[in-house]
Amino acid sequence: MIEQHFQDLGAAAWHISSTAPKLRSWAGTLADRLTSGARLLTCGNGGSAAEAQHLSGELTGRFLRDRRPYSAIALHADTSAFTATLNDYGEQEVFARAVRAHGRPGDVLVALSTSGRSQNVLAAAKTARELGVLTWALTGPAPNDLAAVCDDVVAVEAPGVATVQEIHLALIHALCGEFDALTVDGVPESR
């Protein structure tokens, strides 16, 4: 079992390495937008929520080096607002309502779903697009519903949820590393 897990992880990592140009582009867009005052919104359920919060934390805190903090909000992290919205509007609307509260044209939403079928994540992506928020998805195997409604997607071809989540973390770290390389003192470096 353990050996198979590592084999699956290695195969998925090898396959996803072809997305480096896309991640580089995402990092450039994110650097341009966040240094201009836009914000990043993130969402996901379960392990994907942890990865979404991890991404937000790397940008408001630091990743590889000290730099200014950037506005990045994990939409589930305010538990009082999250549970009140969940109670009043239901699970389908919990992220969409947060996008309506925080999202502005020019912002970026990173939506994570290992299946690509999480209804509340789908609703967030649809709402974000209606508001003029750029939408990116990290999902499991494509095609899937989330990939279809977002502006761009990195879909991880892997046989299991755990492997997809592990690759999502690697993608987040790669994105943050490139973001750090592109920003100096809060100003995008010339590319």
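At what angle do helix H3 (residues 47-60) and H8 pack, and how far apart are their axes? Here are some friendly notes on this predicted model, starting with that pair.

1. **H3 against H8.** The two helices pack at an angle of about 10 degrees, and their axes are 10 Å apart. Angles under 35 degrees count as roughly parallel, so H3 and H8 are roughly parallel to each other. Their crossing is right-handed. On the H3 side, the contact is made by Gly 47, Ser 48, Glu 51, His 54, Leu 55, Glu 58 and Leu 59. Their partners in H8 are Gln 165, Leu 169, Ile 172, His 173, Leu 175, Cys 176 and Phe 179. Sorted by class, this contact has seven nonpolar, five polar and two charged residues.

2. **H2 against H8.** Helix H2 (20-35) also meets helix H8 (161-182), and both give two or more residues to the lining of the largest cavity, discussed below. The axes of H2 and H8 come within 8 Å and cross at roughly 55 degrees, and the two helices are therefore oblique to each other. H2 passes H8 in a right-handed crossing. From H2, the residues in contact are Leu 23, Arg 24, Trp 26, Ala 27, Gly 28, Leu 30, Ala 31 and Leu 34. They meet Leu 171, Ala 174, Leu 175, Glu 178, Phe 179 and Leu 182 in H8. This contact divides into 11 nonpolar residues, one polar and two charged.

3. **H1 against H8.** Helix H1 (residues 2-16) packs on H8 at an angle of about 45 degrees, with the axes 10 Å apart. H1 and H8 are therefore oblique to each other, and H1 passes H8 in a right-handed crossing. The H1 residues involved are His 5, Asp 8, Leu 9, Ala 12, Ala 13 and Ile 16. In H8 they meet Ala 162, Thr 163, Glu 166, Ile 167 and Leu 171. By class, there are seven nonpolar, two polar and two charged residues in this contact.

4. **The cavity.** How many cavities of 30 Å³ or more does the structure hold? There is one, and the largest cavity has a volume of about 40 Å³. Its lining consists of Leu 23, Trp 26, Leu 55, Val 110, Leu 138, Leu 171, Ile 172 and Leu 175. H8 gives the most to this lining, with three residues.

5. The largest pocket holds about 190 Å³ of space. Of the 13 residues lining this pocket, the closest to its centre are Leu 75, Asp 78, Ala 81, Ala 98 and His 102. Strand S2 (72-74), helix H4 (79-89) and helix H5 (94-102) each supply at least two lining residues. H5 gives the most, with five. The pocket lining divides into nine nonpolar, two polar and two charged residues.

6. **A cis peptide bond.** Most peptide bonds are trans. The bond from Ala 142 to Pro 143, however, is cis, with omega near 0 degrees.

Note on methods: Residues numbered from 1 in each chain as written. Predicted model: local features only at pLDDT ≥ 70, side-chain atom pairs only at ≥ 80, totals over all residues. Heavy atoms only, no water. 1 Å grid on protein atoms, 1.4 Å probe; cavity = no way out; pocket = protein on both sides within 12 Å on 5 of 7 lines; lining within 4 Å. Points joined across faces, edges and corners; volume = space filled by probe spheres on them. Helix = DSSP H or I, 4+ residues; strand = E, 2+ residues; numbered from the N terminus. Nonpolar A, V, L, I, M, F, W, Y, C, P; charged D, E, K, R; others polar. Axes fitted to C-alpha atoms, helices over the stretch in contact; angles between N-to-C directions. Parallel < 35°, antiparallel > 145°, perpendicular 65-115°, else oblique. Left-handed = near helix turned anticlockwise from the far one by under 90°. Contact = heavy atoms within 4.5 Å.
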